[in-house]
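Biologist: I would like to learn how to read a few features of a protein model. Could we take them one at a time?

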Amino acid sequence: MKVLEKALEWGGTKRDVVFLILSGIALIVSLFDLAPLPFDAAWIAIVLCGVPIVLEAVVGLVTAFDIKADVLVSIALIASILIGEHFAAGEVAVIMQLGALLEDLTVAKARAGIEKLVHLTPRTARRLRGGEEEIIPAEEVAVGDLLRVLPGETVPVDGVIRAGQTSINQAVMTGESLPVDKTVGDEVSSGTVNQFGAFDMEAAKVGEDSSIQRMIRLVQSADAGKAKIVGLADRWATWIVVIALSAAVLTWLVTGEVIRAVTILVVFCPCALVLATPTAIMAAIGNATKHSFLVREGDALERLAKVARVTFDKTGTLTLGTPQVTAVRSFLPDLPAQTLYDWTAAAEQRSEHPLGKAVVRCWKESGGALRAAEKFEMLPGRGVLAETAGREILAGNRALMEERGVSFAPEHFAAAEQYLQQGCTIIYVAAGGRAAGFLALADTLRPDAADMIRRVKEAGAEPVLLTGDHENAARQIAQTVGISAVQAECRPEDKLRWIAESEQAGRPVCMVGDGINDAPALKRACVGIAMGGVGSDIAVDAADIALVNDDIKELPHLLRLSRRMMRTIKYNLTFSMTLNFVAILLAITGILNPVVGALVHNAGSVFVIVNSALLLKWRWKGGRDS
């Protein structure tokens, strides 16, 4: 069914293009009388482009008394035909249909990505009963059921670990770049992924109450408050119709010449007004595309021009989303830090834990060669044990060291605390049973993040860090890039609430994110921008704009471009309205007839298109941009 709908939509667009081409050729033939036809060639344009406009206007009036710009266009079309000015009628019809086509091409349907999000919901669960394991549909899990989750599986429902230790990838719910170690008594959420180590859990929230189902509902409802922008010509349509009809009727009554009245209707048709917005939007979208922004919603740039705050997720947006070894400290006088790093990488080379893999990757990137390791043992939720260089190496968290009786001095933990305050994760290392040192790992900042934030401020928007990561990590990143407003440890519903409160306070928000957990916020914000390169498909589908290559330094350009686009639209509107009123005065005095009036009217439309086209190559060079 969806394939059929897309085919029909594309088929309709191609049909409109063909109709416009045929109608344009017909108008040229009519104007210059190029072919001996038994009828005026302008009738082709009237039938192909004019009839749909009249039908839509009639349906709108009859079914909902909805007065739009097409009402005045229909009146002008019919009046022109009645007095025999077929070219004028065809020209107006073509211009209006061109505007409608441009709007259709720029206003895309929202793609919520709900289907992909639903696929994240586990289909089955492993239930334990009487010592036996049975696989059941996930929707049949009841509160209190004992479930088993194997390595690599997705947690089926919310619950509490009753046996086992593991590490959970919680990026779906919190966006955290690093996995979180879990043990007995810790809570786990549906949709998160068990990295390794089987564990048994007791189901606490199932079905519609589970975290992943709440996420789905958030995405489905998040755009309910996002106002859709109505074309300015339609917004003013009632007044335009009243003024145009009043002027035409009064002119007819005073002069007794119906042709003057029809000319007023022709020149008052809001063709340039209809073209003012979509042509500027199309040109701005073309400009944005050159800077790697894929604009998925036609009115997204119009909304972006109004934002007061730009909120950023941390992981994968301001940072690269991959943990890096940022410090190596040795506590043994005879053990250089580089050697400690070497031994730890050797011990971690067969680890399945993301932190262990990060240590190995960073060691290789630094030019180090991995030495052999023996007697490797994975300690789920704790760390690893291996033998290398004739020594037993123990690498893991603080709990592991305490369990194995390795004594770290208070000053050792104090040294590690400095890095913990910066949002780092610590891997403690023991060699031969002695406290040897530690490695600090952290998500790395994008090299152009600080400069981008500075230019966002210069563009007149307040940057805000809105992240599910820990307070220390969030504040460290915010301080580094120059963001003063920080909201940390936010779940998806917390981000949604904060954005709603900001917009209710009159401060529209642009949300920039990359993860599945950002999808509701991207959908709810006035404008959502997703990192298209590293971001999840669901985040991209929920956003209005996707940054294809994740080059965030271009974001300030997009902000300024949106404001420049609105400035261009205002110029277009001012010019088109001024031209219309001047043409009306000339029509009232009889200087313009319907055909000349249509040509003058057409010249205004051409000006609007040319002025909008200047946006294609626009680049801010300082000074005003709004």
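Biologist: Which residues form a nonpolar patch on the surface?

Modeller: Keep in mind that this model is predicted. The patch consists of Val18, Leu22, Leu37, Phe39, Trp43, Ile44, Val47, Val51 and Leu55, and together they have about 740 Å² of accessible area. Helix H1 (2–32) and helix H2 (42–64) are the elements that each give two or more residues to the patch. H2 gives the most, with 5 residues.

Biologist: Where does Leu37 lie?

Modeller: Leu37 lies in the loop between H1 and H2. Its relative accessibility is 39%, so Leu37 counts as partly exposed.

Biologist: Which residues are buried in helix H18?

Modeller: In H18 (residues 449–458) they are Ala449, Met452, Ile453 and Val456. These residues are on the same side of H18 because they cover an arc of only 100° around the axis. Their cover includes strand S17 (434–445) and helix H23 (555–588).

Biologist: How is a pair of aromatic rings described?

Modeller: By the distance of the centres and the angle of the planes. The count here comes to 9 aromatic pairs. One of them is Tyr428 with Phe438, an edge-to-face pair with 6.5 Å centre to centre and 65° between the planes. Tyr428 is in strand S16 (residues 425–431) and Phe438 in strand S17, 10 residues apart.

Biologist: Are Tyr428 and Phe438 buried or exposed?

Modeller: Tyr428 is buried, with a relative accessible area of 5%, and Phe438 is buried at 0%.

Conventions:
Residues numbered from 1 in each chain as written. Predicted model: local features only at pLDDT ≥ 70, side-chain atom pairs only at ≥ 80, totals over all residues. Heavy atoms only, no water. Patch = residues over 30% accessible without salt bridge, like charges linked within 9 Å, V, L, I, M, F, W, Y side chains within 5 Å. Areas by Shrake-Rupley, 256 points an atom, 1.4 Å probe, with all protein chains shown as cover. Salt bridge = Lys/Arg side-chain N within 4 Å of Asp/Glu carboxyl O. Helix = DSSP H or I, 4+ residues; strand = E, 2+ residues; numbered from the N terminus. Buried < 20%, exposed > 50% of the residue type's maximum accessible area, 1.4 Å probe, protein only. Arc of directions from axis to C-beta. Contact = heavy atoms within 4.5 Å. Phe/Tyr/Trp six-rings, centres within 6.5 Å; stacked < 30°, edge-to-face > 60°.
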